[in-house]
Amino acid sequence: MPIDQDTYIVVGSGVFGSSTALELIRAGHKVIVLDRSEDGYCAPDGASNDLNKIVRADYSDPHYRNLAKMAISYWRRSDLISQYYHEVGVLFHTGTSVDQTIAYEVSSSDQFKGCFPVSTRNRLGRLNEDITSGRNKAYFNPRGGWAEAGKATNAVLDEAKRLGAQVYGNAHVNKLLFQDRDDSKRVTGVRCADGRTFHIGGKGQTILCVGAWSEGLLRAIFEEQNLNSQISLPTWSSAQVVITIQLNEEQQKIYRDTPVVLCFENGNYCFEPDSNGLMKIAIHSGGYRFPLPSTNTNTPLTFPTFADSIAEQADRTAKITIQGAPSSVVKEARCPTDQAKQILQNLHYVYPELANAPIVYDRICFYSESLDENWIIDHAPGVKGLVVASGDSGHAFKVSETLGKIKSEY
Ligand SMILES: Cc1cc2nc3c(=O)[nH]c(=O)nc-3n(C[C@H](O)[C@H](O)[C@H](O)COP(=O)(O)OP(=O)(O)OC[C@H]3O[C@@H](n4cnc5c(N)ncnc54)[C@H](O)[C@@H]3O)c2cc1C
């Protein structure tokens, strides 16, 4: 006999939504998952739908550190996702000008080269000299690496489906259904742009896991319900640029099993090539305020471009009031040229001979930012039956399956 007949609605099937759905269904509830993508899996422009993400437990905050350590244990042993985890280690370095003391420092040439496979040791760039001369500090954590993000996210949702979760695509939620009670509003379900409605059952709740779309969706919902005076929006999106280069067969062999290299001064990071020889390089930064994530239900979901946002900028710049929000605005159609140049220069610093490899594509990937970079997993104030799980601030993928376990406590 099922534990109860509570029906939960999870909106969004990125890593937040998929892991929540899986945990809820494992707990014996009924679960409906809705995504604006065609097939109900994380959309192509969703942050979780990516080649790879860094998995690391190197946080100064002990809570995130413990959570990430727990997550790494899952990555290692989970039947579902361990096949997508590559524990190649993570090499952190400071950049050239930082005077900082680091525990477990990698400082000698032997130590530094030992972090890399033999095939790359004589191909390292100026990073090598800067570290061994002491101009740059570094440490290596072998307990970490990267995950095949899109595949792992889909595997979690597949498992939820196998256990009975109902997953609907083309389900672009644009309204919540409310029941007015004496003292509060209670969410009873959702409405999609195409008119379909979905309802919670029993003590079920609606959980918004819409990543960088949270700001727009919450704004629309609250404005419609005249709740804006009670609620200040907790998250906003920032557009981050990612570049992917293609390595030839020989280069793939040479750079296979290299660690993730992350500069915590300028946020630059790169991965080993994946099984198709694709190498992702990016900068973890404040990003760009525009473009906003696309909410057009009539166009196919592709990566947005900076050109998409020119009208938005004209229309909305005046409305940005969140203090601390990044505010850079660019008008280039694709990756801003200064960013592309910077990313490749940074790559040259680590692996000089790869800096001229062909760029296969660049994409915009959205962070859902919060003011203090803490994730937001909470009830929406003034509304019953609504949980918002967002504010990943560019670092929540790594906890994958573990995330659902936290959210199931709400
Ligand atoms: C460039 C980049 C690099 C990153 N690197 C790392 C890293 O190395 N390590 C790490 O741990 N994390 C990293 N992150 C962060 C990580 O990607 C996110 O924390 C995580 O993917 C967020 O998942 P999510 O489920 O909240 O959002 P998403 O994955 O974006 O999923 C949101 C889903 O909601 C759907 N949706 C939106 N609106 C609606 C609607 N109205 N109705 C129905 N469905 C809707 C979307 O279609 C989408 O499928 C990175 C992020 C970016 C952008």
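**Aromatic contacts and charges over rings**

Arg56 lies over the face of Tyr59, with a distance of 4.5 Å from the ring centre. This placement comes from a predicted model.

The structure holds 13 aromatic pairs. One of these is formed by Trp75 and Tyr85, whose ring centres are 5.9 Å apart and whose planes make an angle of 35°, a tilted arrangement. Trp75 belongs to helix α2 (residues 62-77) and Tyr85 to strand β4 (residues 85-86), and the pair links distant parts of the chain, 10 residues apart. Both Trp75 and Tyr85 are buried.

Tyr255 is located in helix α7 (residues 249-255), whereas Tyr351 is in the loop between α9 (337-350) and β17 (359-369), so the pair ties together parts that are 96 residues apart in sequence. The relative accessible area of Tyr255 is 0%, and Tyr255 is therefore buried. Tyr351 likewise counts as buried because its relative accessibility is 0%, the cut-off for this class being under 20%.

Tyr255 and Tyr351 also take part in a cluster linked by ring pairs, together with Phe112 and Phe116.

Conventions: Residues numbered from 1 in each chain as written. Predicted model: local features only at pLDDT ≥ 70, side-chain atom pairs only at ≥ 80, totals over all residues. Heavy atoms only, no water. Phe/Tyr/Trp six-rings, centres within 6.5 Å; stacked < 30°, edge-to-face > 60°. Helix = DSSP H or I, 4+ residues; strand = E, 2+ residues; numbered from the N terminus. Buried < 20%, exposed > 50% of the residue type's maximum accessible area, 1.4 Å probe, protein only. Lys NZ or Arg CZ within 6 Å of the ring centre and 35° of its normal.
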